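Please look over the sequence and the model shown here before reading the report.

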Amino acid sequence: MANLSCAFFGHRNFDYRPYEDKIRSVVVDLINRGVTEFYNGYRGNFDETCARIVRELQAQYPQIKNIMVLSYVPNEKFVKPDVFDETVYLLEKRVPLKYAISHTNKRLVQTVDYIVSGVVRNWGGAKSACDYAEYLYRTIFYIVGDYSYCDHYRFDKEVEEELMDEELRKEIEEKSQQLYEKIAPIVEANIAKLKNKKRRKEPSNPVWAKVETKTTED
């Protein structure tokens, strides 16, 4: 992005009213650093609080934009909330709905320069987004407390998978399919043999059950 940017990550159900002055102070500091674009998922108390504060500050700083980040492709019934100037959809390809928010958060972290965190617990989507921001060495402003902790091993594996060349991925999939086609008949034949063995009945007079009897003449 040509302009410096910032994203907000916090919780849906937490009372951030006692922290509004601190949020406002951080946003003003970011504006003074050159931030003009503020990205917001608008999915809970923290996002709504930050969106309202940015909107209020636009009267004093008309150069800044309040941008809503969409996690899903909007339908014809979608109406942009008045607090925002515009909307943006960051994902280059669609993902399953249950992963839409986490993928959007990850892409947003990759996009922006700064993060404002309202995280107050060591789990959840907002925490994961801030962990990833720390992994990418983004500057993070913690509003409530410093919950910084990054599982570098986990993110190293995720990044490694993302960076895998698409052609290599296709080659692996093709070779896996070829291998399956070769061994599938052998596996099926062995299964059939095992089933046939189970169907066999034991002889009514097995050899081991025969007992030879001798008769003696008087």
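## Basis of the model

This is a predicted model, in which local features need pLDDT of at least 70 and side-chain atom pairs count only at pLDDT 80 or more, while totals for chains, interfaces and linings use all residues. Residues are numbered from 1 along each chain as its sequence is written, and side-chain values use heavy atoms, with hydrogens and water left out.

Helix 3, residues 100-111, has 12 residues and reaches 16 Å from its first C-alpha to its last (helices are DSSP runs of H or I with at least four residues, strands are runs of E with at least two, and both are numbered from the N terminus).

N105 lies in this helix and is buried, with a relative accessible area of 7% (buried means under 20%, exposed over 50% and partly exposed in between, with a 1.4 Å probe and protein chains only).

## Aromatic pairs

A search of the whole structure finds eight aromatic pairs (rings of Phe, Tyr and Trp, the last by its six-membered ring, pair if their centres lie within 6.5 Å; planes under 30 degrees apart count as stacked, over 60 as edge-to-face and the rest as tilted). The rings of Y16 and F46 have centres 4.8 Å apart and planes at 55°, so this pair is tilted.

## Charges over rings

K106 lies over the face of Y132, at 5.1 Å from the ring centre (NZ of Lys or CZ of Arg must be within 6 Å of the ring centre and within 35 degrees of the ring normal). The charged end of R121 sits over the ring of W123, 4.3 Å from its centre.

Methods
Expected span 1.5 Å × (residues − 1).
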